[in-house]
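Please open the model in your viewer and keep the sequence panel beside it. The tour below goes from one selection to the next and says what is there at each stop.

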Number of protein chains: 2
Amino acid sequence: MIDPAKEPPDNATTLATSIYERLKNDILAARLEPGQKLSLRFLMDQYGTGQTPLREALNRLVIEELVIGREQRGFSVTPISLEELNELTRTRCWVEGLALRESMQNATPAWEEALLVAHHRLARTPRSLNPEQFEDNPAWEVLHRAFHDRLIENCASRPLIGFCMQLADRLYRYRTISIRKVFRVRKVSAEHDAILQAVLDHNQEQAVSLLQAHYMRTATVIEADLRTAALSLAG
Amino acid sequence: MIDPAKEPPDNATTLATSIYERLKNDILAARLEPGQKLSLRFLMDQYGTGQTPLREALNRLVIEELVIGREQRGFSVTPISLEELNELTRTRCWVEGLALRESMQNATPAWEEALLVAHHRLARTPRSLNPEQFEDNPAWEVLHRAFHDRLIENCASRPLIGFCMQLADRLYRYRTISIRKVFRVRKVSAEHDAILQAVLDHNQEQAVSLLQAHYMRTATVIEADLRTAALSLAG
DNA sequence: CGCGCAAATAATTTATAAATTTTTTTGTTT
DNA sequence: AAACAAAAAAATTTATAAATTATTTGCGCG
């Protein structure tokens with residue numbers, strides 16, 4: 001009797017679920033580009049499966065608004081737009097502001113310590129694999145996301161957490177698209193330090209406004225990138 | 001040239017979408033009961049279709065958390081619980097509070113007039129088809145939902161509106177389950193009147209706290225119902 | 001000679017039916 | 001009673017067929 005739980009762990013997976021995860025990753029990493037048509041034939045070749053699991057995965061992604069499904073006309077990756085970028089950023093500032101405030105209201109030593117550890121791990125991981133030129137470090141991305149997740153996870157509302165995650169996912173796409181073009185020398189780590197400090201100080205207003213500024217600044221950088229990219233295409 | 005738009009309207013529908021809508025309605029109206037197993041065979045008989053469209057519909061509902069999909073073990077209607085009721089209510093108060101405040105910030109005559117009309121329609125529709133004993137009036141339910149939708153629709157964030165809708169859907173299930181047991185003589189219409197008045201007065205704090213009180217009160221009533229129901233089952 | 005419309009062809013999506021795999025149930029044995 | 005094996009049931013996936021949409025081609029007309 002090694003396993004104390006009666007229920008066997010649900011580690012069995014269906015093809016539909018694994019395809020769903022792969023598709024989602026590929027969309028968020030922009031390996032499947034915004035606006036790209038997702039023909040069933042193409043996806044079947046690409047991922048080596050039948051259409052039923054693909055179709056199921058696509059239907060889930062439609063609800064998450066990462067994929068657009070036009071009835072009887074197939075699927076495509078949801079396009080990006082400055083309008084959506086701003087809408088998502090604005091919403092994230094509101095909602096994560098709320099969630100962070102609640103998290104801090106419910107603060108416990110355990111939560112603060114988990115946050116501290118998450119920050120520590122993030123701080124000692126380089127942003128870029130190459131110090132000369134930007135080269136995306138996947139480990140940093142994971143730890144960055146984890147730090148932000150920790151900030152809001154103590155808010156005592158799974159639906160709210162889920163919504164924050166979805167906003168984070170949808171915004172992540174903009175980050176990857178923008179970042180791979182220009183190596184920004186923005187000091188994000190200083191911003192993370194300040195947020196952690198405010199949380200540990202139990203200074204709610206400070207923490208919330210720092211977090212919101214953090215997101216606004218990111219959006220500004222991305223917006224500038226997208227505008228110049230649009231210009232270089234047009235010119 | 002009657003239709004000015006170039007693109008033909010996307011009114012074509014797939015079976016998957018229509019089944020999705022029917023399933024969702026049936027879950028929200030609790031015709032498919034919380035916790036109920038949704039075997040494919042059963043659903044095929046019930047809705048008279050093949051399994052592909054059913055499967056797609058179920059996968060969408062899983063993301064909306066109205067259906068639970070256990071890997072390789074099929075689907076079932078998400079169960080209800082007092083815990084979830086309170087979590088959803090709490091979250092709705094936060095998020096719709098936010099959305100209403102933003103809506104009022106962006107107030108325009110057109111929006112206020114649309115709200116006024118929605119309230120008018122709701123006010124002149126009876127809550128119960130039978131004045132003696134409660135008999136659900138579907139028209140009232142639709143108008144009620146429309147009034148609440150109007151309150152937040154001016155917040156200038158489609159993602160936020162979408163999230164509010166989802167919370168409303170998930171909470172609606174609790175309403176139907178509770179309401180069909182006891183005819184409550186709560187004066188909800190007075191509460192709606194007060195909310196409308198506060199909005200037209202541009203009194204943000206008042207409007208938000210009235211809306212939140214409205215939701216809290218509903219949750220209290222439902223919780224009492226569910227507790228007595230649980231007792232009568234146990235005793 | 002180019003433009004626009006119509007018909008036919010091709011490609012793609014949707015739906016049904018069949019096959020495979022996994023889980024659950026049932027019955028037997030220790 | 002517990003454990004194992006066999007059978008049944010159910011879910012997942014592949015394969016096939018039907019319906020819909022997009023594209024191309026050809027023809028008439030300005």
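In what order do the elements of chain A run from the N terminus on? They run α-β-α-α-β-β-α-α-α-α-α-α, where helices (H or I, at least four residues) and strands (E, at least two) are DSSP runs, numbered from the N terminus.

Before going further, please note that this is a predicted model, in which local features need pLDDT of at least 70 and side-chain atom pairs count only at pLDDT 80 or more, while totals for chains, interfaces and linings use all residues. Residues are numbered from 1 along each chain as its sequence is written, and chains are lettered from A and ligands numbered from 1 in the order in which they are written.

**Stop 1: chain A as a whole**

Select chain A, which holds 9 helices and 3 strands and whose C-alpha trace spans about 65 × 55 × 35 Å along its principal axes. Of its 235 residues, 32% count as buried, a residue being buried if 20 or more other C-beta atoms, placed from the backbone, lie within 10 Å of its own, exposed if 12 or fewer, and partly exposed in between.

Next, colour residues 15–77 as domain 1 and residues 82–234 as domain 2 of chain A; these bounds come from an automatic or database domain assignment. The centres of the two domains, taken over C-alpha atoms, are separated by 26 Å. Where they meet, 7 residues of domain 1 are in contact with 7 residues of domain 2, contact meaning that the C-beta atoms of two residues, placed from the backbone, lie within 7 Å. The side of domain 1 that touches domain 2 has 5 nonpolar, no polar and 2 charged residues; here Ala, Val, Leu, Ile, Met, Phe, Trp, Tyr, Cys and Pro count as nonpolar, Asp, Glu, Lys and Arg as charged, and the others, Gly among them, as polar.

**Stop 2: the sheet of chain A**

Select the 3 strands of chain A, which form an open sheet in the order 1-3-2 with antiparallel pairing. Strand 1 (37–38) and strand 2 (67–70) stand at the edges, each with a single partner strand, so one side of each is left without a neighbour in the sheet. Two strands are said to pair if DSSP finds at least two bridges between them.

Strand 1 and strand 3 (residues 74–77) of chain A pair over 2 bridges, whereas 4 bridges join strand 2 to strand 3. Now pick Phe75(A) in strand 3, which is the bridge partner of Leu38(A) and also the bridge partner of Gly69(A). Strand 2 and strand 3 of chain A form a hairpin with 3 residues between them, and Gln72(A) in the turn has a positive phi of about 60 degrees.

**Stop 3: a loop residue**

Move on to Ala156(A), in the loop between helix 6 (138–152) and helix 7 of chain A. Its phi is near 65 degrees, a positive value in a residue other than glycine. Most residues other than glycine have a negative phi. Ala156(A) counts as partly exposed because 16 C-beta neighbours lie inside 10 Å.

**Stop 4: where chain A meets chain B**

Show both protein chains: the contact takes 28 residues from chain A and 28 residues from chain B. Helix 3, helix 4 (82–105) and helix 7 (158–179) of chain A each supply at least two residues of the side that touches chain B, and helix 3 gives the most, with 7 residues. That side of chain A divides into 10 nonpolar, 8 polar and 10 charged residues.

**Stop 5: DNA strand D**

Finally, select DNA strand D, which is surrounded by 18 residues, the closest being Leu15(A), Gly50(A), Thr52(A), Ser39(B) and Gly74(B); a residue is near a strand if its C-beta atom, placed from the backbone, lies within 6 Å of it. Two or more residues each come from helix 1 (15–28) and helix 3 (51–63) of chain A together with helix 2 (40–47) of chain B. By class, this surface has 5 nonpolar, 9 polar and 4 charged residues.
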